[in-house]
Amino acid sequence: MKKLRLFMPLVSALLAVLCFAPTAWAFCGFYVAKADTKLYNQASQVILAREGNRTVLTMANDFQGDVKDFAIVVPVPTVLQKEQVHVAQPKIIERLDAFSAPRLVEYFDSDPCAPVYKINEMRPMQNAARSDSSTQEDSSLGVTVEAKFNVGEYDIVILSAKESGGLETWLNRNNYKIPQGAKELLKPYIRSAMKFFVAKVNLDKFAESGYQFLRPLQISYESRKFMLPIRLGMVNATKEQDLIIYILSPKGQAEITNYRTVKVPSDVNIPVFVKNQFGDFYKSMFQNSYTKEDKKVGFLEYAWDMSTCDPCAAEPLNNEELKQAGVFWLNDNSDSNSQIAPGFRSRFPSSSVFITRLHVRYTRNKFPEDLIFQETAQRDSFQGRYILQHPFTGKVKCSAGRRYKSSLRRRFEQEAQNLARLTNWNIQDIRQKMKLSMGNISNSWWDNSLSWLGL
């Protein structure tokens, strides 16, 4: 966030030079806040980098508790070897979250009596080693250890199983603390002949690492299936689960195929007081949309070519960061911006990466199946974007200014209605907050424009 603040004066200066109003109340603006995963007490995050049949899956750990109790069981399509498993840096997931988060943007009306400068066209500014694995079979349980190795602070085994009861028993006997009731959810994966990636913490290696928190695990595999298993995460869930999925593809936007994918409401003008309540606004808006969609859809929050953003909630990831996020198809010599000054080059990563951010809030009864995805060639840009438009409050002495003044009452009421519709907040409470937020402005025509609020 510090870098963003340092960059803002430059953005503001450029806006002052480049933004001329093509109409009496056109405006220019910039990003002011974002709705990242910090809004949610517990939000699981995964990155899926996918090209062809190869997937690199990065799983952020939101585990809370003693690390000795940590265990993760993930169904995978094939037996993984040590070179297919890595430990990733948490910073990569934080960067993707910041870059793709829904955002609040702020605009300021120009003086309606100021000269109008015509511009033919204005384009938006854009920021710019295989282990020796022993195979053991417990004949009474039907579980086979297909591979066993250590990566970073994790001890990992890859298992196959003939029946879910035997797998559950094996895990418990080998001190993997899994929730009760996992047996029924393991059955479909065993019927599909999937393997099981099982990890727990090696306490000695974790102590040696010096890290305070568990780092994300990253696995790569080949499979025609483009899916994410979520059912095991519902075993002991007592409430709705939030899952943020960042899909990176050279092709275009990704979508869920076995549930509907819908866009979050976007590009809506809302009252300016929301600037100080954006987190509450977005949580209410998302919950309201989730309920209206019968709680069984995936929401698209962001879709964009990684080389650009407008407005930018954070700088695009550079090529090195993208590789850390699992993007394996980048060419080391493909930097098309090699002539750009070194201080700015990181702002222009390869354009061969398209990011899709999906937000799924799920329960066991509404999402009985794992998520299945498909890549599309769709490269249209989308972002969850909410607009604050500050009115001009100076003196006006022209006919255009009088028309502008008369338009404000209708505009303020529309903003209040928009906010009530998006969040299900009480319209009278919204009007009262608008009154309080704008009541410190005083001049005769402004007071008259706010008369509908009771000022």
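Which cysteine forms a disulfide with Cys309? Select Cys312: Cys309 and Cys312 form a disulfide, with their sulfur atoms 1.7 Å apart. (A disulfide here is a pair of cysteine sulfur atoms within 2.5 Å.)

Before moving on, note the ground rules. This is a predicted model, in which local features need pLDDT of at least 70 and side-chain atom pairs count only at pLDDT 80 or more, while totals for chains, interfaces and linings use all residues. Residues are numbered from 1 along each chain as its sequence is written, and side-chain values use heavy atoms, with hydrogens and water left out.

**Stop 1: the disulfides**

Stay on Cys309 and Cys312. The torsion about their S-S bond is 90 degrees, and the link is right-handed. Cys309 has 1% relative accessibility, so Cys309 counts as buried. Cys312 is at 10% and also counts as buried. (Buried means under 20% relative accessible area, exposed means over 50%, and partly exposed lies in between, with a 1.4 Å probe and protein chains only.)

The count comes to two disulfides. For the other link, select Cys113 and Cys398, whose sulfur atoms are 2.0 Å apart. The torsion about this S-S bond is about -90 degrees, so the disulfide of Cys113 and Cys398 is left-handed. Cys113 is partly exposed, at 30% relative accessibility. Cys398 is buried, at 19%.

**Stop 2: the aromatic pairs**

Now show the aromatic side chains. The whole structure holds 15 aromatic pairs. (Rings of Phe, Tyr and Trp, the last by its six-membered ring, pair if their centres lie within 6.5 Å; planes under 30 degrees apart count as stacked, over 60 as edge-to-face and the rest as tilted.)

Select Trp170 and Tyr176. Their ring centres are 6.1 Å apart and their planes are at 20 degrees, so this pair is stacked. Both Trp170 and Tyr176 are buried.

Next, select Tyr302 and Trp304. This aromatic pair is also stacked, at 5.7 Å centre to centre with 15 degrees between the planes. Both Tyr302 and Trp304 are buried.

Then select Phe278, Phe281, Tyr282, Phe286, Phe299 and Tyr386 together. Ring pairs link these residues into a cluster.

**Stop 3: charges over rings**

Select Arg54 and Phe328. The charged end of Arg54 sits over the ring of Phe328, 4.3 Å from its centre.

**Stop 4: the salt bridges**

How many salt bridges are there? The count comes to 19. (A salt bridge is a side-chain nitrogen of Lys or Arg within 4 Å of a carboxyl oxygen of Asp or Glu.)

Select Asp267 and Arg385. Their closest N and O atoms are 2.7 Å apart. This pair links distant parts of the chain, 118 residues apart: Asp267 lies in the loop between β15 (260–263) and β16 (268–269), and Arg385 in strand β21 (residues 385–390). (Helices, H or I of at least four residues, and strands, E of at least two, are DSSP runs numbered from the N terminus.) Asp267 is partly exposed at 48% relative accessibility, whereas Arg385 is buried at 16%.

Go to helix α9 (residues 399–423) and select Glu415 and Arg411. These two are four residues apart, separated by about one helical turn. An α-helix has 3.6 residues a turn, so residues three or four places apart point the same way. The salt bridge of Glu415 and Arg411 has its closest N and O atoms 3.7 Å apart. Glu415 and Arg411 are both buried.

**Stop 5: helix α4**

Finish on helix α4 (residues 182–191), where Lys187 and Glu184 are three residues apart. Their side chains meet in a salt bridge (3.3 Å, N to O). Lys187 is partly exposed at 30% relative accessibility, and Glu184 is partly exposed at 46%.

Which residues of α4 are buried? Select Ala182, Leu185, Leu186, Pro188, Tyr189 and Ile190. Their cover includes β4 (71–76), β9 (154–161), α3 (164–173) and β10 (195–201). Last, select Ala193, which follows α4 and has a positive phi, near 60 degrees.

Technical notes
A charge sits over a ring if NZ of Lys or CZ of Arg is within 6 Å of the ring centre and within 35 degrees of the ring normal. Contact means heavy atoms within 4.5 Å.
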